[in-house]
Amino acid sequence: PFNRWEAAGRRDEAQAKLDKLQQEEILLTRQVQIEVTDAATAVQATLGRYEAARREVDLAVELEEGERRRFALGDSTL
């Protein structure tokens with residue numbers, strides 16, 4: 001009986017290690033998913049800020065061109 005207990009103990013120990021490794025795999029997979037999602041969100045936010053800044057620059061250039069025309073006609077105060 002002692003040999004069977006020893007074998008069962010080794011089996012149970014191996015199963016516990018396997019279960020632990022599987023749980024660690026699940027945890028690491030979730031952590032990677034979260035990090036990838038966070039990075040994608042950051043990229044989207046940065047793209048949004050870039051697009052807003054680009055529109056702002058375009059409008060400023062358009063305003064500048066209009067003011068130059070008005071100035072050339074003698075009608076600008078800027």
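Is Glu67 buried or exposed? At 14% relative accessibility, Glu67 counts as buried, where buried means under 20% relative accessible area, exposed over 50%, and partly exposed in between, with a 1.4 Å probe and protein chains only.

The structure is a predicted model, in which local features need pLDDT of at least 70 and side-chain atom pairs count only at pLDDT 80 or more, while totals for chains, interfaces and linings use all residues. Residues are numbered from 1 along each chain as its sequence is written, and side-chain values use heavy atoms, with hydrogens and water left out.

**Overall form**

The secondary structure of the chain comes to one helix and zero strands, these being DSSP runs numbered from the N terminus (H or I and at least four residues for helices, E and at least two for strands). The chain has a radius of gyration of 33 Å, well over the 12 Å that the globule rule gives for 78 residues, so it is more spread out than a compact globule; the radius is taken over C-alpha atoms, and the rule is 2.2 Å times the number of residues to the power 0.38. Along its principal axes, the C-alpha trace spans about 110 × 10 × 5 Å. Of the 78 residues, 3% count as buried.

**Salt bridges**

A salt bridge is taken here as a side-chain nitrogen of Lys or Arg within 4 Å of a carboxyl oxygen of Asp or Glu, and by this rule the count comes to eight.

| Pair | N to O distance |
|---|---|
| Glu13 and Lys17 | 3.6 Å |
| Arg70 and Glu67 | 3.3 Å |
| Arg70 and Asp75 | 3.8 Å |

Glu13 and Lys17 both lie in helix α1 (residues 2-72), four residues apart, about one turn of the helix. Of this pair, Glu13 is partly exposed at 44% relative accessibility, whereas Lys17, at 51%, counts as exposed.

Arg70 and Glu67 are separated by about one helical turn because they stand three residues apart in helix α1. Arg70 is partly exposed, with a relative accessible area of 38%, and salt bridges link Glu67, Arg70 and Asp75 in a network.

**Surface and charge**

The accessible surface of the chain comes to about 7,400 Å², of which 60% belongs to carbon and sulfur atoms, as computed by the Shrake-Rupley method with a 1.4 Å probe.
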